Amino acid sequence: MNKAPRSTARELALLGLSQLPTNSGSLEKKQLQEVILAAVRTLRAEVQDILETAAAELQRGSDRLLNSQISASDVQSASSMVHEAVELGQTAINRIGTAVELPELIQLTNQLEVRKYALEILIKVNDNKEEIDNLLRESIVDWQIERLPRIDIDILRIAVAEMMFIGIQEQVAINEAVKLAKRYSSEDGYRFINGVLRRVLNKINLV
């Protein structure tokens, strides 16, 4: 399997983990396959949401440009409105760029190898959740795992599962986790996740 399908599988698994209850216990393979289908539906809904948000931003930008022409009291006010309109337009363009990428991602999720690897990740995370979380607790400095955003915990769980139970090269697992964090976590989330996984790696290497 090449890099693109595995990256897609990780993203699909991440969205799938968010569909699982906090205490999922032992799950049948069929149940996990249904979770993957739900994750694909989430991606499809995301495309629609992004496009609707972009359209609203473009409309707001258009309104600001119109107001700069007919209601601005001075040059400074007009300039401010134009600047805001440009920023809204740029944000909308960025969102549309993301939406354009998602159909390709959704298409990749239909590949058997993608779903197979996403399912493997879900199984390994679910079956070894207690061991994974204990290792994360030991690796998180001055914070509690229960207080982390769910998306950050799930990104960490995927990376640890890949390193410990799937046999993915450690640096690859960390790099892929950082990529997921840049897309789904907060602005500084990827730095935090990178730091935690570095400490996880140190503990694994000491065993």
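1. Helix 6 passes helix 7 in a right-handed crossing, meaning that the near helix is turned clockwise from the far one by less than a right angle.

2. On the helix 6 side, the contact (heavy atoms within 4.5 Å) uses Ile 151, Ile 155, Ala 159, Glu 162 and Met 163. Helix 7 answers with Glu 170, Ala 173, Ala 177, Leu 180, Ala 181 and Tyr 184. By class that is nine nonpolar, no polar and two charged residues; Ala, Val, Leu, Ile, Met, Phe, Trp, Tyr, Cys and Pro count as nonpolar, Asp, Glu, Lys and Arg as charged, and the others, Gly among them, as polar.

3. Before going on, a word on provenance: this is a predicted model, where local features need pLDDT of at least 70, side-chain atom pairs count only at pLDDT 80 or more, and totals for chains, interfaces and linings use all residues. Residues are numbered from 1 along each chain as its sequence is written, and side-chain values use heavy atoms, with hydrogens and water left out.

4. The overall fold is quick to describe: eight helices and zero strands. Both are DSSP runs numbered from the N terminus (H or I, at least four residues, for helices; E, at least two, for strands). Of the 207 residues, 43% are buried, i.e. under 20% relative accessible area with a 1.4 Å probe, protein chains only. Among contacts between residues at least 6 apart in sequence, 78% join residues at least 24 apart.

5. Now the largest nonpolar core, where Leu 136 and Leu 197 touch the most other members out of 46 residues. A core here is a set of buried Ala, Val, Leu, Ile, Met, Phe, Trp, Tyr and Cys residues joined through side-chain atoms within 4.5 Å. Helix 6 gives the largest share, nine residues. Leaving aside residues up to four places away in sequence, Leu 136 touches Ile 145, Leu 156, Arg 157, Val 160, Val 196 and Val 200.

6. Ala 55 sits in helix 2 and is partly exposed at 44% relative accessible area (the class between 20% and 50%). Its C-alpha is 9.6 Å from that of Gly 89, 34 residues apart along the chain.
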